[in-house]
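Trainee: I would like to go through the terms used for this model one at a time, and to see how each value is set against its cut-off. Could we begin with a residue in a loop?

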Amino acid sequence: MPTIVAVDVSLSMAQPVALESGETFTRLQLAIHGINTLLDYFSLYSKLEFVAVVAFSSACEVISHFTRDFDQLKLKLNRLEECDKQDIEAALQAINTIVLSEWGTATPCQVIVITDGDLTKVSQPSAALPFPFPGKMVAVALTAAGSHTPNLRRLVEASGGPDGCVLMPDSQHLSPACVHSLFHKLAQDNYSSFTGTLKCGHLACKVILSPSPVPYTKTTDFDVETMSLSGVLEVCGFVEVAHVGSPAAVSRHLVLPHPASNPAPHPAPAPSPVKTEAPESDDDNHDDGRTPSFCVLLHGALKVENMAAICQVGSDWYGVLYSWADSKKKSNLMLTLLEPGTDTVPWLGNFKHLGVLSDPENPNPEETFPIRPAEKRSYSQNNCVVWIRQAGLQSDIQKILRHARKLPEKTTHFYKELNRVRRAAIALGFMSLVDGLAAILERECTLLPGTAHPDCALQLTHAAGALRQPYSRDPKYNVMPMRTKYTDAD
């Protein structure tokens, strides 16, 4: 789950915090220390986590977009300085912009807001809340335990996440130690990896799923059912990758062998200074490549044989294990979680009815499960027009103008593209495009150079006039070329 951290850099964060030892820290330094603790946890147990950081006061500054380079992120955090007054609305707008531009509206993201206490101003209602993406908000208040934070709690409730909360240190006096404990607890509660057992017959091994799967909630007419993964991923059988295809999926996860040196997350040692260094764990995992693992064996077998494994992850809940390569040199074992049920892949049928063929060399057609037909249909035959982005529409219009400048040689191509765009606009109800296309052709006619062929101006004027006629709104009508003495001579 990608994480975006919003840290308060208003003037109130410059308040000094004196320790019994005589050292003095500002609240901003303590906030940076807490974020470093979170990054240290990621570097140990969640190396695939993406983190972004924004700093907000009266305006919002993006310190870092989503990245996995935690060391570089720490260097940028050390350069933070206090600014002017606090305005959470600017931070919320920036969070929405960053998440939507990089992850869209379907990826769950976690938002961590760090401030020195209660917010001074919360717009009601906020235009940026609830978040347009799934996820939750965790607000961290660097203040004494038991302080009242009504605005923070109101902000968390308005974010739309069901599991949002407000956290604050347990101690009445702020210190690097209590801030470290607070952020370490936050990391353990929200970023603990899913650990389970991958099993196939008598072979089994501990694995980690990244990102950690979330419970699946299914809403029916009269009930709401929530399903969670069991601790055992049991392989039921193997099928060809071509037979599985690309079914509808709930989520996809990277399957990693559980490291023998770190069987479970354990509390990190208490910090001494505010600035912490990233732990070095290269020596701990030096012998991981020599440790036998069923996960590695399964991944190699699926990759070589081009097969996929159907596994059961819960009661009437199945997934697909397969080898996936992000480059030519590196591949990974992936798990695709299907929707709960036994018939979620229609062309395979019911999972409980699948079995081994009695005679693999002479299969009986009645025993084979239904699969998709072997022939591939070409979508290019439909000659469909798709305008999802503005660039697609501009490309189609520019193609018409390129043919228009080469008239009369490209007369056939010009009218073919013109009618294709016109029919698509009519089908979408985009009638203003037809009028705009007529205006573009008229303008192109006035910009023709003196060396242009005379038939070019005649065809452009004819096409523009035809587009303005009422009968051109009929999708069955085609704009035909104008017959001139130049075309007759050809």
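Trainee: Why is Asn306 called exposed?

Mentor: Exposed means a relative accessible area over 50%, buried means under 20%, and partly exposed covers what lies in between, with a 1.4 Å probe and protein chains only. Asn306 has a relative accessible area of 51%, and is therefore exposed. Asn306 is found in the loop between α7 (294-305) and β15 (307-314), and although Asn306 is not a glycine, its phi is positive at about 55°. Bear in mind that this is a predicted model, in which local features need pLDDT of at least 70 and side-chain atom pairs count only at pLDDT 80 or more, while totals for chains, interfaces and linings use all residues. Residues are numbered from 1 along each chain as its sequence is written, and side-chain values use heavy atoms, with hydrogens and water left out.

Trainee: What makes Asp316 partly exposed?

Mentor: The relative accessibility of Asp316 is 34%, so Asp316 counts as partly exposed. Asp316 also has a positive phi of about 55° without being a glycine, and its place is the loop between β15 and β16 (317-325).

Trainee: How are the helices and strands that you name here defined?

Mentor: They are DSSP runs numbered from the N terminus, with helices being H or I over at least four residues and strands being E over at least two.

Trainee: Why is Ser10 called buried, and what does Ser10 touch?

Mentor: Ser10 has a relative accessible area of 3%, and so is classed as buried. Ser10 sits in the loop between β1 (3-8) and β2 (16-18). Contact means heavy atoms within 4.5 Å, and, not counting residues up to four places away in sequence, Ser10 touches Phe56, Ser57, Glu82, Cys83, Asp84, Lys85 and Gln86. The C-alpha atoms of Ser10 and Ser58 are separated by 7.7 Å, although these two residues are 48 residues apart along the chain.

Trainee: How do you know that the buried residues of α2 are on the same side of that helix?

Mentor: In helix α2 (residues 70-77), the buried residues are Phe70, Leu73, Lys74 and Leu77. They cover an arc of only 100° around the axis, which puts them on the same side of α2; the arc is that of the directions from the helix axis to the C-beta atoms. An α-helix has 3.6 residues a turn, so residues three or four places apart point the same way. The buried residues of α2 pack against α1 (27-45), β4 (51-56) and β5 (60-67).

Trainee: Why are α8 and α10 called oblique to each other?

Mentor: The axes of α8 (residues 390-404) and α10 (residues 431-446) come within 11 Å and cross at roughly 40°. Axes are lines fitted to C-alpha atoms, for helices over the stretch in contact, and angles run from 0 to 180 degrees between N-to-C directions. Angles under 35 degrees count as roughly parallel, over 145 as roughly antiparallel, 65 to 115 as roughly perpendicular and the rest as oblique. α8 and α10 are therefore oblique to each other. The contact is made by Leu393, Ile397, Ile400 and Leu401 of α8 with Leu433, Leu437, Ile440, Leu441 and Glu444 of α10.

Trainee: What makes α10 and α11 roughly antiparallel?

Mentor: α10 and α11 pack at an angle of about 160°, with their axes 8 Å apart, and they are therefore roughly antiparallel to each other. In this contact, Val434, Leu437, Ala438, Leu441, Glu442, Glu444 and Cys445 of α10 meet Ala457, Leu460, Thr461, Ala463, Ala464 and Leu467 of α11.

Trainee: How do you know that Leu437 and Ala464 are buried?

Mentor: Leu437, in helix α10, has a relative accessible area of 3% and is therefore buried. Ala464, in helix α11 (residues 454-467), is buried with a relative accessible area of 1%. Leu437 and Ala464 are 27 residues apart in sequence and 7.6 Å apart in space, C-alpha to C-alpha. Leaving aside neighbours within four places in sequence, Leu437 is in contact with Ile397, Ile400, Leu418, Val421 and Leu467, and Ala464 is in contact with Ala438, Leu441 and Glu442.
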